[in-house]
Amino acid sequence: MALDAETRDQLIDTVRRFVTERLRPLEAQVAENDAMPDDVVEEMKALGLFGLSIPESYGGLDLSMEDECLVVVELGRTSPAFRSTFGTNVGIGSQALVMFGAEAQKEKYLPGIASGEIITSFALTEPEAGSDSGAVQTRAVRDGDHYVINGAKRYITNAAKAHLFTVMARTDPNKPGGGGVSAFLVESSTPGVTVGKSEKKMGQQGAPVSEVFFDNVRVPAENRIGAEGEGFKVAMQVLDKGRLHISALCVGVAERLIADCVAYMSERKQFGQPLSSFQLLQGMIADCKTEVLAAKALTMETARKRDAGQNVTMEAAAAKYFASEMVGRVADKAVQIFGGAGYVADYGIERLYRDVRIFRIYEGTSQIQQVIIARETLKRGG
Ligand code: COS
């Protein structure tokens with residue numbers, strides 16, 4: 001649902017103030033401790049951030065994709081680990097249920113997901129199924145009115161905190177690729193579910209990522225999302241939306257980096273002049289600004305198309321591809337503009353430089369986005 005302009009502006013203003021006044025001062029602490037303070041999580045719940053994309057009838061804010069992107073751009077102006085805290089509930093952890101869940105499943109879980117009482121995680125990736133996500137080996141074998149799930153998932157965001165997983169598992173071993181995969185809701189408290197240690201990562205400390213193991217996990221058949229064999233398509237459609245959300249996040253981080261550069265260039269002097277007076281640095285700022293405007297335009301245009309009911313698989317891949325590569329280039333230039341200060345920890349630029357690296361990898365690498373864009377362009381004949 002699209003908010004009216006006044007309500008949307010109020011929401012964006014509230015999020016902007018939360019980011020500026022509450023989250024930004026905590027960036028270094030969260031990175032240092034690799035943990036999200038409980039009181040911040042509670043404030044995020046109170047603001048409704050866990051339910052941005054959940055339908056209103058289940059307690060969420062039910063934002064249109066366009067409004068969600070605008071909110072996420074604001075949230076990008078701080079360490080992306082903050083967004084990740086509720087990002088799975090808004091995106092990949094909830095959307096299979098929102099888009100393809102049965103009414104009883106939605107009634108059972110969506111209110112808790114919207115409020116943040118239930119943390120969700122999306123369990124697709126496996127040791128042998130990364131970019132080739134149709135190669136899922138985790139098995140789900142029907143046993144009466146249950147399925148028994150066995151397998152291992154890898155690099156699962158928020159698994160350590162999750163109460164509910166959307167798990168992609170192979171129900172038909174005779175069908176190669178995505179055709180034999182089904183989607184399941186699995187509560188983390190189910191016997192046989194274990195979560196591995198949190199990985200040590202390059203960036204985004206405070207956003208936990210872990211392995212998840214399923215050892216003879218008995219799941220009621222009614223927890224399957226959609227029909228048997230439809231799980232891969234469910235996952236792909238979840239990712240179509242997730243990729244747009246990540247594009248907006250890249251735009252937000254890039255805007256933050258540009259603002260930091262502009263502030264630093266006005267204050268720092270060399271050769272008796274502020275850095276902002278040097279044309280070679282102005283050129284870098286001009287390139288960053290041009291790229292972020294282009295990424296934002298592509299992201300918002302795609303969001304509006306999705307809101308209008310169009311298939312945006314290709315456009316979402318293009319937005320994710322361009323925006324994630326763009327923020328990598330902007331972060332690199334920011335380090336260059338800050339010079340030595342960009343390389344030491346105190347200024348936070350090197351931290352953001354590390355944080356943004358994952359955007360070119362998760363929810364589909366740049367190379368996978370290229371595959372999707374090229375396939376569709378060739379199919380459409382241009
Ligand atoms: N929406 C709906 N259906 C889709 C779809 C989408 N976005 N993408 C694919 N499908 C359908 C296809 O139409 C096809 O259906 P039919 O069998 O009925 O023809 C089926 O799914 C298989 O699609 P395809 O042949 O394209 O599958 P591939 O194995 O070639 O894989 C890629 C496609 C590579 C694009 C996919 O595996 C992918 O996105 N990989 C990256 C995964 C990823 O992002 N991982 C990150 C982990 S989550 S953080």
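Helices and strands here are DSSP runs, a helix having at least four residues and a strand at least two. By that count, the protein chain holds 13 helices and ten strands. The model is a predicted one.

**Overall form**

The C-alpha trace of the protein chain spans about 80 × 50 × 40 Å along its principal axes. The radius of gyration is 21 Å. A compact globule of 382 residues would come out near 21 Å, so the chain agrees with that expectation.

**Domains**

**Where domain 2 meets domain 3**

Contact involves ten residues of domain 2 and 13 residues of domain 3. Interface size is often quoted as the accessible area lost when the parts come together. For domain 2 and domain 3, the buried area is about 850 Å². Carbon and sulfur atoms give 67% of that area. On the side of domain 2 that touches domain 3, five residues are nonpolar, five are polar and none is charged.

What of specific pairs? Two residue pairs are in polar contact across the interface of domain 2 and domain 3, both at pLDDT 80 or more. The count of salt bridges between domain 2 and domain 3 is zero.

**Salt bridges**

Side chains of opposite charge can pair when their charged atoms come close. The whole structure has 26 salt bridges. One of them joins the side chains of Arg22 and Asp39, with an N to O distance of 3.2 Å. Arg22 sits in helix H1 (residues 5-23) and Asp39 in helix H3 (residues 38-47), so this pair ties together parts 17 residues apart in sequence.

Terms used. Residues numbered from 1 in each chain as written. Predicted model: local features only at pLDDT ≥ 70, side-chain atom pairs only at ≥ 80, totals over all residues. Heavy atoms only, no water. Contact = heavy atoms within 4.5 Å. Buried area = accessible area lost by both parts, 1.4 Å probe. Salt bridge = Lys/Arg side-chain N within 4 Å of Asp/Glu carboxyl O. Polar contact = N/O pair within 3.5 Å; in protein donor to acceptor, adjacent residues only side chain to side chain. Nonpolar A, V, L, I, M, F, W, Y, C, P; charged D, E, K, R; others polar. Rg over C-alpha atoms; globule rule 2.2 N^0.38 Å.
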